[in-house]
Amino acid sequence: GDIMKQLPAEAKRFAQIDKTWVKIMTKAGEQKNVIGFCYDNELLDLLPNLKDQLDQCQKQLQSYLETKRRAFPRFYFVSETVLLDILSQASDPTAIQGNIQSIFDGVSSVTFEKFKPAKGETGTGVIKIVKLHSPEGERS
């Protein structure tokens with residue numbers, strides 16, 4: 001989704017890596033002698049190249065995550081997995097609900113409300129957080 005739009009070259013590279021990996025695994029599943037398959041010259045050349053490409057994708061992704069962390073320092077306190085989950089659903093603000101406690105210690109959930117566009121504005125309006133809920137059930 002949104003991450004693929006931000007990193008189109010890496011998304012394309014990763015899709016190609018994944019496609020190649022699926023082909024390798026399909027071919028491996030068809031082999032009766034897996035040891036012979038592992039020593040296939042094509043496979044021995046292909047796997048290090050795939051790993052190098054995957055490392056490039058990882059490096060670019062980490063750089064992207066670092067820019068997001070610099071923009072919102074609370075992201076430094078969440079794992080890469082959680083941050084990827086949040087960023088991959090950026091077009092749906094309500095999707096952060098499951099990760100809100102890992103971003104804000106004293107907040108267990110939030111209440112969202114959709115507001116209509118202001119007079120003279122176009123669009124579908126905005127979704128805003130209107131209440132914070134603590135783990136103890138307090139609201140503000």
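Visitor: Where does Ser134 sit?

Guide: Ser134 is in the segment after S2; strands here are DSSP E runs of at least two residues, helices are H or I runs of at least four, and both are numbered from the N terminus. This is a predicted model, so local features need pLDDT of at least 70 and side-chain atom pairs count only at pLDDT 80 or more, while totals for chains, interfaces and linings use all residues. Residues are numbered from 1 along each chain as its sequence is written, and side-chain values use heavy atoms, with hydrogens and water left out.

Visitor: Is Ser134 buried or exposed?

Guide: Buried, because its relative accessible area is 11%. The cut-offs are under 20% for buried, over 50% for exposed and partly exposed in between, with a 1.4 Å probe and protein chains only.

Visitor: What does Ser134 touch, leaving out residues up to four places away in sequence?

Guide: Gly106 and Ser108. Contact there means heavy atoms within 4.5 Å.

Visitor: And Pro135, which residues does that one touch?

Guide: Pro135 touches Gln101, Gly106, Val107 and Ser108, again not counting residues up to four places away in sequence. Pro135 is in the segment after S2 too, and it's partly exposed because its relative accessible area is 45%.

Visitor: What about His133, where is that?

Guide: His133 is in strand S2, which covers residues 126-133. At 12% relative accessibility, His133 counts as buried.

Visitor: Which side chains does the His133 side chain make polar contacts with?

Guide: One is the side chain of Thr111, at 2.5 Å. Another is the side chain of Arg139, at 3.4 Å. A polar contact is a pair of N or O atoms within 3.5 Å; within protein, one must be able to donate a hydrogen and the other to accept it, and residues adjacent in sequence count only if both atoms are side-chain atoms.

Visitor: Which residues does His133 touch overall, skipping those up to four places away in sequence?

Guide: Gly106, Val107, Ser108, Ser109, Val110, Thr111, Glu138 and Arg139.

Visitor: Which residues line the largest pocket?

Guide: Ile3, Met4, Leu7, Glu10, Ala11, Phe14, Ala15, Leu54, Cys57, Gln58 and Leu61. Helix H1 (2-6), helix H2 (8-30) and helix H4 (41-71) each supply at least two residues of that lining. By class, you get 9 nonpolar, 1 polar and 1 charged residues. Ala, Val, Leu, Ile, Met, Phe, Trp, Tyr, Cys and Pro count as nonpolar, Asp, Glu, Lys and Arg as charged, and the others, Gly among them, as polar.

Visitor: And how much space is in the second largest pocket?

Guide: About 180 Å³. Of the 13 residues lining the second largest pocket, Phe75, Ile86, Pro93, Ile96 and Ile103 are the closest to its centre. Helix H5 (80-88) and helix H6 (100-103) are the elements that give two or more residues to that lining. Its classes come out as 11 nonpolar, 1 polar and 1 charged.

Visitor: Which residues of H5 are buried?

Guide: Val82, Leu83, Ile86 and Leu87. They are on the same side of H5, because they cover an arc of only 130° around the axis, taking directions from the helix axis to the C-beta atoms.

Visitor: What do the buried residues of H5 pack against?

Guide: H1, H4 and H6.

Visitor: Last one: where is Ser79, and how far is it from Ser102?

Guide: Ser79 is in the loop between H4 and H5, and at 37% relative accessibility it counts as partly exposed. The C-alpha atoms of Ser79 and Ser102 are separated by 9.0 Å, and the two are 23 residues apart along the chain.

Key. 1 Å grid on protein atoms, 1.4 Å probe; cavity = no way out; pocket = protein on both sides within 12 Å on 5 of 7 lines; lining within 4 Å. Points joined across faces, edges and corners; volume = space filled by probe spheres on them.
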